[in-house]
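We will go from stop to stop, selecting residues as we go.

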Amino acid sequence: MEIQKRVDKKESDGKRGIKSFVLRTNALSLYQKEALELYSETYALAYKEEVIETQKLFKKNQPLIIEIGFGMGDATKRIALEQHDKNFLGIEVFLNGYSKLLSFIGENKIDNLKVIRFDAVSVLSDMILDESVSGFHIFFPDPWPKKRQQKRRLIQPEFASLLARKLKVGGYIYCVTDWVEYAHQMVDVFATIPTLTNPFKGFCEPRSWRPTTSFEKKGIEKEHQIKEIWVEKRSG
Ligand SMILES: C[S@@+](CC[C@H](N)C(=O)[O-])C[C@H]1O[C@@H](n2cnc3c(N)ncnc32)[C@H](O)[C@@H]1O
């Protein structure tokens, strides 16, 4: 599979170590295959080791919000439809979810939402200009609960400082998880980044505009507590 080869190549180049995901793919439905053919050119970006002018991707020049790991994209599309004064870029490696969201965007001609299928670490490092992003949404990142897997967690100091570098002053990072111990790790990791501040001094209440995600529903069924973390960039 093309994306796996490219991710492997980056690893062999020594640019990216441990991944925060395992690539899984179920058979695609016909509509998902059609979406890849019909809509990729207009509504998806291809990974390039080159900084892109993100504002030129969208019809309107307005604040850019990046969502990392959107899964099936149900929350993503609702937020983008409700907040049409912002542009959204969704990053996801999971082909089934990616093609499902691409199909929705294409069928409904959504002009403030685009997607890219690649490792978010590479996308942010290589394609996104510093101080160009108004917000990051990271809803239910893989919790990697076992001790020996925890190095795979996305929210680690290096990634947090990459997010902070890409944010504009005043921009935010909004993370939600159903794994309480990971939630504490997030608060602690963000606290180590000097340019970030946590106005809630810990966890925050859910934002009224955040829809319940697919992964969250599974966590609620298992009676997991949902924890929300919101930090902001206070200086350059
Ligand atoms: C637990 S799922 C949550 C999905 C969705 N946000 C939800 O709440 O239903 C985490 C998602 O993050 C994606 N992911 C993990 N690491 C990623 C990375 N480095 N780049 C892009 N996607 C990633 C996975 O493929 C997976 O679909």
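Select Lys 201 in the loop between β7 (196–197) and α8 (214–221). Helices (H or I, at least four residues) and strands (E, at least two) are DSSP runs, numbered from the N terminus. Lys 201 has a positive phi of about 55°, although it is not a glycine. Lys 201 is exposed because 9 other C-beta atoms lie within 10 Å. The cut-offs are these: buried means 20 or more other C-beta atoms within 10 Å of a residue's own, exposed means 12 or fewer, and partly exposed is in between, with C-beta atoms placed from the backbone.

A word on the model itself. It is predicted: local features need pLDDT of at least 70, side-chain atom pairs count only at pLDDT 80 or more, and totals for chains, interfaces and linings use all residues. Residues are numbered from 1 along each chain as its sequence is written.

Now select Phe 140, in the loop between β5 (133–139) and α6 (157–166). Its phi is positive too, near 55°, and Phe 140 is not a glycine. Is Phe 140 buried or exposed? Phe 140 counts as buried, because it has 21 C-beta neighbours inside 10 Å.

Next, go to Ile 226, in the loop between α8 and β8 (227–233). Ile 226 has 17 C-beta neighbours inside 10 Å, so it counts as partly exposed. Ile 226 and Trp 179 are 47 residues apart in sequence, yet 7.4 Å apart in space, C-alpha to C-alpha. Beyond its neighbours within four places in sequence, Ile 226 is in contact (C-beta atoms, placed from the backbone, within 7 Å) with Val 176, Asp 178, Glu 216 and Gly 219.

Show the ligand. Which residues are closest to the ligand? They are Gly 69, Gly 71, Ala 120, Thr 213 and Phe 215, out of 23 residues that surround the ligand. A residue is near a molecule if its C-beta atom, placed from the backbone, lies within 6 Å of it. Color α5 (120–127) and α8: these elements give two or more residues to the shell. The largest share, 3 residues, comes from α8.

Move to helix α3 (residues 74–82). Its buried residues are Ala 75, Thr 76, Lys 77, Ile 79 and Ala 80. Among the elements that cover them are β2 (64–68) and β3 (87–91).

Then select α4 (95–108). The 14 residues of α4 should span 20 Å at 1.5 Å a residue, and its end C-alpha atoms are 20 Å apart, which agrees. The expected span is 1.5 Å times one less than the number of residues. Buried residues of α4 include Tyr 98, Leu 101, Leu 102 and Ile 105. Cover for the buried residues of α4 includes α2 (30–43), β1 (44–45) and α3. After α4 comes Lys 109, with a positive phi near 50°.

Now for the core. The largest nonpolar core has 55 residues. Such a core is a set of buried Ala, Val, Leu, Ile, Met, Phe, Trp, Tyr and Cys residues joined through C-beta atoms within 7 Å. Leu 102 and Ile 66 are among those with the most contacts inside it. Leaving aside neighbours within four places in sequence, Ile 66 is in contact with Leu 89, Ile 91, Val 133 and Phe 136.

Finally, zoom out. The protein has 8 helices and 8 strands. Of its 236 residues, 37% count as buried. The C-alpha trace spans about 45 × 40 × 40 Å along its principal axes.

Definitions and conventions: Contact = placed C-beta atoms within 7 Å.
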